[in-house]
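Here's a quick tour of a protein with a ligand in place.

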Amino acid sequence: MDIDYLLTATRSARKSLDLDAPVDMGDIRECLRIGLQAANGSNQQSWRWLVVSDPALRDEIAELYRQSYLLRVGGQLLADLMPPGTPESRIMSSTEWLVEHLAQVPLLVIPCYQPYLPRIDGDESFHQATLYGSIFPAVWNFQLALHTRGYGTCITTLHLHREPEVGQLLGIPPAYVQGCLLPVGRLRAGHTFRPARRRPVDEVVARDRWDGPAL
Ligand SMILES: Cc1cc2nc3c(=O)[nH]c(=O)nc-3n(C[C@H](O)[C@H](O)[C@H](O)COP(=O)(O)O)c2cc1C
């Protein structure tokens, strides 16, 4: 796969996941190996990645994910209430499809991380950056490796509204933070992603100062 294509077209896979296709654990292991090559704070690698395939556990996590979503949106699914055909309604429809089908996605991967630095007063930004900055480069590497092998996933964080319950279900020690939840499956046969539409560089990049000129 062309590298620029890979970097611009590794998109969130939800409806494009094939819920019936078996995943090859050898492939997943290899994608995780590549994922874990990523940069992380002081190379501590104080992570543990849970790969949940047990259907009963997936059911319970999916229910907690659903509860979290409903908590965020005021108690009911919204996609059918939105005018169709807009970018917002497409994201909503895709997001809610995942809410409805999460239990059927073959694997739910949860990267967990133990913050290793002692906390000092006023270090919230440093702490958060070091913590999540030690998880998401590996998540992105994992996503890229999956994509080149015909698999897809989507970063999700909704379940974190129920982080303690998911932690208890999976036996995650309280010292570990859950970074996200990655539903992983094969992409539907023939599915290809188009590069994402993003705001142009000149709109979002400034030289030297906040209100400086564009590049
Ligand atoms: C930090 C983060 C949290 C996200 N949380 C969710 C989520 O809980 N559920 C979901 O369906 N998508 C989630 N997404 C996916 C975004 O909606 C998606 O990346 C965005 O709409 C851009 O689409 P694309 O990834 O296909 O380019 C999340 C993405 C990021 C980076």
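A word on names first: helices and strands here are DSSP runs, numbered from the N terminus, with a helix needing at least four residues and a strand at least two. Keep in mind that this is a predicted model. With that naming, α4 gives the most to the shell around the ligand, at three residues.

**Around the ligand**
- The ligand is surrounded by 14 residues, and the closest are R11, S12, R14, I155 and R198.
- Sorted by class, that shell holds seven nonpolar, four polar and three charged residues.
- The side chain of R14 has an N or O atom 2.8 Å from an oxygen atom of the ligand.
- On its own the ligand exposes 620 Å², and the protein buries 67% of that.

**Nonpolar cores**
- The largest nonpolar core has 28 residues, with L102, L108 and L170 touching the most other members.
- Elements giving two or more residues to this core are β2 (47-52), α3 (55-73), α4 (87-101), β3 (107-113) and α7 (163-170).
- Its largest share, five residues, comes from α3.
- Apart from this core lies another, of 22 residues, including V23, L32, L146 and L182.

**A look at L108**
- Leaving aside residues up to four places away in sequence, L108 touches L50, V51, V52, R58, I61, L102, L181, L182 and P183.

Conventions. Residues numbered from 1 in each chain as written. Predicted model: local features only at pLDDT ≥ 70, side-chain atom pairs only at ≥ 80, totals over all residues. Heavy atoms only, no water. Core = buried A, V, L, I, M, F, W, Y, C linked by side-chain atoms within 4.5 Å. Buried < 20%, exposed > 50% of the residue type's maximum accessible area, 1.4 Å probe, protein only. Contact = heavy atoms within 4.5 Å. Near = heavy atom within 4 Å. Polar contact = N/O pair within 3.5 Å; in protein donor to acceptor, adjacent residues only side chain to side chain. Areas by Shrake-Rupley, 256 points an atom, 1.4 Å probe, with all protein chains shown as cover. Nonpolar A, V, L, I, M, F, W, Y, C, P; charged D, E, K, R; others polar.
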